[in-house]
Amino acid sequence: MSDFLQAPLADLSQRVPHWLEAIQARARAGWEAASLPTRKTENWKYTSLAPLRDDYQFAEAGTAVAELPATLAAGFGGHRLVFVDGQFAENLSSPAAAIDGLTVCRFADASDEQATDIAGLLGTAIGGDHVFATLNNAALGDGLFIDVKAGAIIDRPVEVLWLNAASAQATAMNQRLLCRVGANASLTIVEHFAGLEGAAPSFCNGLTELHVQDNAFLAHYRLHEEAGEAVHIGGVHTRLARDARYAGFHLALGSVLKRLDLVVHHAGPGAHADLNGVYLPRGEEHIDYHTTIEHAVPHCTTDEIFRGIIGDSATAVFNGRIHIHPDAQKTRAELSNRNLLTSNEATVNTKPELEIYADDVQCAHGATVAQLDAAALHYLRTRGVSREEAEVMLSFGFINELIDGLELDSVRDYLRPILAARFARDEALARHLLLTRRSQ
């Protein structure tokens with residue numbers, strides 16, 4: 001039996017909609033019987049759960065935040081919903097209640113029809129054994145449901161900001177997002193995880209389910225900016241129907257522990273997935289990405305690219321698995337993972353996997369680990385570029401293809417100064433590099 005969070009779960013006083021009670025009860029029974037993974041658990045071989053604390057508490061009400069800091073206030077040009085310490089913050093949100101074809105509602109506010117849809121969809125995109133998904137259900141009192149009707153083209157993004165603001169108590173947050181994009185519809189979602197300066201240690205159990213129906217398109221951005229003593233263990237589970245298209249982008253800046261499981265299930269012929277990501281731990285931070293692409297039917301394609309820059313004494317883990325089922329003929333799937341170590345103390349463990357049970361497929365995978373190119377550094381130095389600036393330029397170049405390729409301008413523009421500051425560390429150098437790039 002796992003003792004982690006048992007007492008806070010028992011004391012959780014948040015009102016639970018009656019139609020969620022059975023789901024929560026089953027999950028609590030499963031959590032009581034579960035054990036936390038250890039380093040002897042194959043999928044957790046390189047990640048320790050030692051940073052988890054035993055004093056997390058679920059917030060009954062989010063910390064009062066009058067306004068968002070300037071770095072977060074602008075948003076991404078669409079409809080915004082903000083959750084503070086796991087609780088909905090209406091004063092910071094701009095819900096999309098009047099957009100034709102788009103429904104955005106909290107589980108707690110769902111109508112009978114919406115409740116039926118939510119209950120029928122919850123968990124159906126999740127395959128395999130994910131113990132923290134069980135914990136998410138066990139703490140499930142509220143969540144967010146985004147539903148796009150068939151044929152609706154939503155031209156502005158829906159942003160969901162999950163904010164940690166508590167300063168006095170180590171806080172546990174249970175994040176749940178459920179999205180359904182109807183046939184021939186289109187939607188963009190930005191999930192943004194951040195913490196206010198001075199926030200207390202936190203644990204976020206983040207679970208997102210995405211259902212993309214026939215010939216629909218979903219662009220999904222998931223940005224992780226939690227820092228310090230924040231722990232995030234999350235999963236994104238995507239199910240693609242016939243001819244569905246999915247574009248996922250993930251960014252993870254470090255904190256003491258981030259573990260993210262990304263699963264894409266090709267359930268209908270002709271589906272395509274682009275799954276890209278960048279992870280940038282430094283100091284003594286730890287980031288672990290586990291991705292699984294399930295090709296269960298024929299004529300589907302996947303392009304997956306993840307790149308990491310690991311500095312100081314930080315560690316990163318990337319495990320990318322592509323599973324081609326026996327009926328998945330005419331599959332094309334490619335996986336690339338490249339890593340750059342900027343310190344002799346930095347560590348990365350990378351493991352690309354192909355598991356193929358069909359004979360008419362095109363599949364490729366590869367991984368590299370390298371340091372900054374000494375010849376390139378020398379070339380830049382001989383042309384008057386300082387070593388610090390040269391290192392930042394080469395680091396930018398390593399991930400620039402993925403950042404420049406982002407379709408949503410507001411996300412790209414938001415990330416560039418953050419990355420410049422992270423690479424340069426010196427504020428003046430970061431500003432110089434950013435201005436230089438904008439002038440090119």
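User: To begin with, is Phe318 buried or exposed?

Analyst: The model is a predicted one. Buried means under 20% relative accessible area. Phe318 has a relative accessible area of 1%, so Phe318 is buried.

User: How are the ring planes of Phe306 and Phe318 arranged: stacked, tilted or edge-to-face?

Analyst: Phe306 is in strand β16 (residues 301–310) and Phe318 is in strand β17 (residues 315–324), twelve residues apart. Phe306 is buried, with a relative accessible area of 0%. The ring centres of Phe306 and Phe318 are 5.2 Å apart and the planes stand at 35°, so the pair is tilted.

User: How many residues apart are Tyr56 and Phe203, which form an aromatic pair?

Analyst: The rings of Tyr56 and Phe203 are 5.8 Å apart, centre to centre, with 35° between the planes. Tyr56 lies in the loop between α2 (21–33) and β1 (57–58), while Phe203 lies in strand β9, so the pair links distant parts of the chain. Tyr56 is buried at a relative accessible area of 1%, and Phe203 is buried at 1%.

User: Which residues do ring pairs link into a cluster, and which residue lies over the face of Trp44?

Analyst: The cluster linked by ring pairs consists of Phe4, Trp31, Trp44, Tyr56, Phe132 and Phe203. Over the face of Trp44, at 4.0 Å from the ring centre, lies Arg259.

User: How many residues are in the largest nonpolar core?

Analyst: Ile146, Leu187, Tyr246, Tyr279 and Tyr289 touch the most other members of this core. Not counting residues up to four places away in sequence, Tyr289 touches residues including Leu251, Tyr279, Phe306 and Phe318. A second, separate core has 37 residues, among them Leu163 and Ile399. The largest nonpolar core has 56 residues.

User: Are Glu191 and Arg222, which form a salt bridge, buried or exposed?

Analyst: The closest N and O atoms of Glu191 and Arg222 are 3.2 Å apart. Glu191 is in strand β8 (residues 186–195) and Arg222 is in strand β10, 31 residues apart. Glu191 has 0% relative accessibility and Arg222 has 1%. With the limit for buried at under 20%, Glu191 counts as buried, and Arg222 also counts as buried.

User: Which residue forms a salt bridge with Glu226?

Analyst: Glu226 is in the loop between β10 and β11, and the partner is in strand β13 (residues 257–266), 32 residues apart. Both residues of the pair are buried. The closest N and O atoms are 3.5 Å apart, and the partner is Lys258.

User: Which residue forms a salt bridge with Glu401?

Analyst: Glu401 is in helix α7 (residues 387–404), and the partner is in strand β16, 94 residues apart. The closest N and O atoms are 3.2 Å apart, and the partner is Arg307.

User: What is the phi of Asn215, and what is the phi of Asp243?

Analyst: Most residues other than glycine have a negative phi. Asn215 lies in the loop between β9 (202–212) and β10 (217–224), and Asp243 lies in the loop between β11 (230–240) and β12 (245–253). Asn215 is partly exposed at 39% relative accessibility, and Asp243 is partly exposed at 36%. Although Asn215 is not a glycine, its phi is positive, about 60°; Asp243, not a glycine either, has a positive phi of about 60°.

Key
Residues are numbered from 1 along each chain as its sequence is written. This is a predicted model: local features need pLDDT of at least 70, side-chain atom pairs count only at pLDDT 80 or more; totals for chains, interfaces and linings use all residues. Side-chain values use heavy atoms; hydrogens and water are left out. A nonpolar core is a set of buried Ala, Val, Leu, Ile, Met, Phe, Trp, Tyr and Cys residues joined through side-chain atoms within 4.5 Å. Buried means under 20% relative accessible area, exposed over 50%, partly exposed in between (1.4 Å probe, protein chains only). Contact means heavy atoms within 4.5 Å. Helices (H or I, at least four residues) and strands (E, at least two) are DSSP runs, numbered from the N terminus. Rings of Phe, Tyr and Trp (its six-membered ring) pair if their centres lie within 6.5 Å; planes under 30 degrees apart count as stacked, over 60 as edge-to-face and the rest as tilted. A charge sits over a ring if NZ of Lys or CZ of Arg is within 6 Å of the ring centre and within 35 degrees of the ring normal. A salt bridge is a side-chain nitrogen of Lys or Arg within 4 Å of a carboxyl oxygen of Asp or Glu.
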